[in-house]
Structures are given as structure tokens and as C-alpha cells.
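Colleague: I'd like to go through this model with you, one question at a time. Let's have a look at it together.

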Amino acid sequence: MAPVKRRVFKTKNEIAVELAKYIADLSSKFCKERGVFTVVLSGGDLISWLWKLLGAPYIDSVEWSKWHIFWVDERVCAWDHADSNYKLAYDGFLSKVPIPAENIYAIDNGLGAEGNAELAAERYEECLKQKVNQNIIRTYKSSGFPQFDLQLLGMGPDGHMASLFPGHDQINEKVKWVTWITDSPKPPPKRITFTLPVINCASYNVMAVCDQEQADSVAAALNHTKNLPAGRLTADVEVVWFLDHAAASKLPNGWCSIL
Ligand SMILES: O=C(O)[C@H](O)[C@@H](O)[C@H](O)[C@H](O)COP(=O)(O)O
């Protein structure tokens, strides 16, 4: 099992600083080794913690042209809808860095606008398969599942990650790469999401969580509580939890970082 590390910081600002370093180091490693860097984004607060990458030194030193961007989950709506994770990422991050537009793989806009969750999930899985065939995404050992270089995840206060919610069946999917939900407890109800095997095949998984309302779930997830989706998070190389003091406050060792 990959090591699960945790890095605890006083403020969200410090998280942004360290997250930028972590991401930039992995970017240079994968760009050197593979010539591409596959990055998976989520929605929620995460995007607001990527701002450090938008300035010096990273804006000039990161090989942005080699990045390929995917979403671990997406709300089923058009790209310009206020609920869209694509829009959130575009407005707050993607529009400010020189990643080629053709390297950004969003949900199918038409199916999103129609609200067709099932077909949107199938179409997104086809898109991933195409990128595997083009050697942009690797596959994980003999399993055939896609293996992303880095996933940037968040967790809700109920312990959900991506759009895998406690007590919902999607967490048990073992074959599909992308599935869908039409009764998400977190609005909006229609979403598509990577499945657990895909999430856990990633080389590096970052889970970034802040604030007091997440503290119980952080403690439960880091105790590997299996009925919490985030308690089942693993990775091929490592999982790193980036936490602020409030989110880490219910952990047995409190604010200690464990590396
Ligand atoms: O589409 C979504 O809603 C997100 O991708 C979701 O899975 C998010 O990552 C968590 O809910 C954490 O959200 P916060 O960071 O806002 O707590």
C-alpha cells in the first residue's frame, strides 16, 4: 500500500505555497520522464488554493504546454453554468496559465446542457480511452485502468470524495472508469465521477482539506474508516493530505505532519 502522508499548515496561504511546490516538482518529474503531465482536478475549494502557481516563479518555469487536464468529477450542466467544475477551474486557474486548449478535457458540453448524466459519463470514459490509445494517459499495471500522474482532490464534511458519496452505490463500481449519479446529496444532483479503482490507480493523490467542519471526517478518513469514501483513498506511489490546523484538529496527533 502506498504511504499516506499528512502535511499540516497553519493557514490556507501556507497550503497554497506548499501545494504549488509539490505540483511544480511533480510537473518537472513527469515532463522529463514522459514528456506529458496528466493532472486531474476536482471542484470545491481546491481551485482557490492553486493561485500560487499563477505567479513567479511557476508561471514561467512550469512546462504548461505538456499538461493535460481532466476532472475527477463534474456536475452535469453546460460549461458556462454556475455549477460547472470546468467553469470554476477555467475562471480561477486554466484561463491564467498557457495550457493548450486541446489538452483540456471537459465533460461533453451538449450532454451536460441536456442533463444526460449516463451518456455524459460514457462519453467521458470514451475520451479517457482515446487518451490511453494516444499514450497520453498510462494504464495501471495489468489492470487496464487509467493511471493519472497527479490527482488533486477535496473532501466534503460527510467524507465524500469526487462524487462518491457515503451510502451510495457508485463507490462499489469495479468495472467502469466513469460512472454517474442523479441523486447526489450535495447539489446539484446530477454528476459524473471517476470510480474508486480509477481514483486509487493514480500515481500521486493529493487530498486538500481545510476548516473545522471537516475535522471529524478527516480523523475518520485517516483512520481508514471504510464507510467513508475518502477513507478508502490510496494511490500507486503516495497519498498526501494537505490540511489546515482546523481540519487537523481532531487527529490523534493533532497538528503533527507525518511524512
Ligand atoms: O464537484 C464537487 O462538488 C467536488 O468535486 C467535490 O467532490 C469536492 O471536491 C468536495 O465536495 C470538497 O469540496 P470543498 O473543497 O468545497 O469542501
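Modeller: Let's start with a term: a disulfide is counted when two cysteine sulfur atoms lie within 2.5 Å. This is a predicted model, so local features need pLDDT of at least 70 and side-chain atom pairs pLDDT 80 or more, while totals for chains, interfaces and linings use all residues. Residues are numbered from 1 along each chain as its sequence is written, and side-chain values use heavy atoms, with hydrogens and water left out.

Colleague: How many disulfides does that rule give?

Modeller: A disulfide is a covalent bond between the sulfur atoms of two cysteines. Apply the cut-off here and the count comes to zero.

Colleague: What is the volume of the largest pocket?

Modeller: A pocket is an open set of points on a 1 Å grid over the protein atoms alone, where a 1.4 Å probe fits and protein lies on both sides within 12 Å along at least five of seven lines. Points are joined across faces, edges and corners, and the volume is the space filled by probe spheres set on them. For the largest pocket, that comes to about 340 Å³.

Colleague: Which strands give two or more residues to the lining of the largest pocket?

Modeller: Lining residues have an atom within 4 Å of a point, and this pocket has 25 of them, with Gly44, Asp45, Gly154, Met155 and Lys186 nearest its centre. Strands (E, at least two residues) and helices (H or I, at least four) are DSSP runs, numbered from the N terminus. The strands that qualify are E4 (73-75) and E10 (204-209).

Colleague: Which helix gives the largest share of the lining of the second largest pocket?

Modeller: This pocket is about 230 Å³, and its lining includes Trp79, Tyr86, Arg123 and Cys127. Helix H3 (85-92) and helix H5 (117-133) each supply at least two lining residues. The largest share, three residues, comes from H5.

Colleague: Is helix H7 largely enclosed or open, and what covers its buried residues?

Modeller: Six of the eight residues of H7 (215-222) are buried, so the helix is largely enclosed by the rest of the structure. The buried ones are Ala215, Ser217, Val218, Ala219, Ala221 and Leu222. Their cover includes strand E1 (4-9), E10 and strand E11 (238-244).

Colleague: Which residues does Thr195 contact, leaving aside neighbours within four places in sequence?

Modeller: Thr195 sits in the loop between strand E9 (191-194) and helix H6 (196-201), and it's buried at 0% relative accessible area. Contact means heavy atoms within 4.5 Å. By that test, the partners of Thr195 are Leu164, Glu173, Lys176, Trp177, Val178 and Thr179.

Colleague: What separates the C-alpha atoms of Thr193 and Val178?

Modeller: Thr193 lies in strand E9 and is buried, at 1% relative accessible area. Leaving aside neighbours within four places in sequence, its contacts include Val72, Asp73 and Val178. Thr193 and Val178 are 15 residues apart along the chain, yet their C-alpha atoms are separated by 5.5 Å.

Methods:
Buried means under 20% relative accessible area, exposed over 50%, partly exposed in between (1.4 Å probe, protein chains only).
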